[in-house]
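Dear colleague,

Please find below the structure that I am handing over to you. My notes on its cavities and backbone follow it.

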Amino acid sequence: MVWTSTVVEPGGTTETLAPKSYRMGTHRLIPPEETLRRVCPLMRDMGITRIANLTGLDWIGLPVVAVYRPNARSLSASQGKGMDLTAARASGLMEAVESYHAEHIDLPLRRASYDELRASHPVVEVGALPRLSVNSFHPAMRLLWVEGRDLRDGSPLWLPFELVHTDFTLPLPEGSGAFLMSSNGLASGNHPLEAISHGLCEVVERDATTLWHLRSEESQHPTRLDLSTVDDPVCLQVLERFERAGMEVAVWETTTDVGLASFYCLLAERSPEPLRFRAPTTGAGCHPAREIALLRALTEAAQVRLTLISGARDDMGVTRCYDAFRDPAVWRHQVERMHREPPVRPFQDVPSFAGRSFEEDVAWELERLAAVGLHQVVVVDLSRPEFRIPVVRVVVPGLEALHDAPGYVPGRRGREMLKERSR
């Protein structure tokens, strides 16, 4: 993949730039209607059977959909949200598309130990990759590797295959379990750079959310966002929906030293009904533009709520999710915190950047990562020629993984946060 090339329409020509021509609640190369026109005809080939509108199952009214792939090798349902149903459908469909691509990877693989591979090939900084508490990795251990590209100069870098694929059918490939398997950094788009920027934002968001959760509650207090200072009309529209629906909402800014705006949102019913009790839900968002980052956190909290109501996700078990979702004590604890913490952080103080194109966004994101010593940014191109939809996996060694992932072990940044917390 050449990162500066664009999608070529049949009979059309290429364009060097990737301008943002759609800016309604998000930044995209083309409107969601056009994305649906391109991708919907390919649904059957990827095993996607339907797009279900879940919006009416809740009273908030924010459009949320579920996209189903019954024979998926990981999750059989993907979610999407947006300010209108078309945007939600495009969001959910593209999430399902990227999951399919990560389950069906045809790239060449190498079976080797770290010591064997690094003797003849450039290898990613293995020591900075997310590990598991049950990790058995050692330099002589044989596992599968796949080739990616360093986003800065296009040079090849090999990385563990389990950081790239999402084919979780059993038995897993030899050597699996050494590194954290997830969908973190998996992204699709209407253009390769759109997909890369989305993937970069996701890995930075997960790092930011984890580091915020590792902080003490006292140090989290000054990050509470003053929602009365929010001046973005789309975010205000969502906040008004929450107010009309009788929802309490709290947002904390989780932006790290990387400098990409990040937020964590908590959404709770103001007066829950005993016969239909629902505990608070959360959402996170990251984007160079602070208003897009905030909107993502707000809408994800509403999406998670509807996902739990619908029972659409096959990875949300009763003990882990639904028992807490129905527990009044969870609601009381979260709402009490929302009430006792004063919002102090002005929205205008959150860093923000809005490039005219995705080239500018990606270049700025790389600068921010390099400024804090994160110099390796690996991209694996998962696009398939028969579909011609840009899909990538982005891996940034040194960023933290999800804090609530089973077996999560803090990396360098996480350990530094825990040291600061203990002082």
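A cavity is a set of points on a 1 Å grid, laid over the protein atoms alone, where a 1.4 Å probe fits but cannot get out, and its lining residues have an atom within 4 Å of a point. Grid points are joined across faces, edges and corners, and a volume is the space filled by probe spheres set on the points.

The model is predicted, so local features need pLDDT of at least 70 and side-chain atom pairs count only at pLDDT 80 or more, while totals for chains, interfaces and linings use all residues. Residues are numbered from 1 along each chain as its sequence is written, and side-chain values use heavy atoms, with hydrogens and water left out.

There are three cavities of 30 Å³ or more. The largest cavity has a volume of about 220 Å³. Its lining is made up of 15 residues, and Pro-130, Leu-163, Asn-184, Val-203 and Val-395 lie nearest its centre. Strand 12 (residues 391-395) contributes the most to this lining, with three residues; strands are DSSP runs (E, at least two residues), numbered from the N terminus.

Two backbone features also deserve mention. Leu-170 and Pro-171 are joined by a cis peptide bond, with omega about 0°. Pro-171 lies in the loop between strand 6 (156-160) and strand 7 (186-188). Arg-388 is not a glycine, yet has a positive phi of about 60°. Arg-388 is found in the loop between strand 11 (378-381) and strand 12.

Yours sincerely

Technical notes: 1 Å grid on protein atoms, 1.4 Å probe; cavity = no way out; pocket = protein on both sides within 12 Å on 5 of 7 lines; lining within 4 Å. Helix = DSSP H or I, 4+ residues; strand = E, 2+ residues; numbered from the N terminus.
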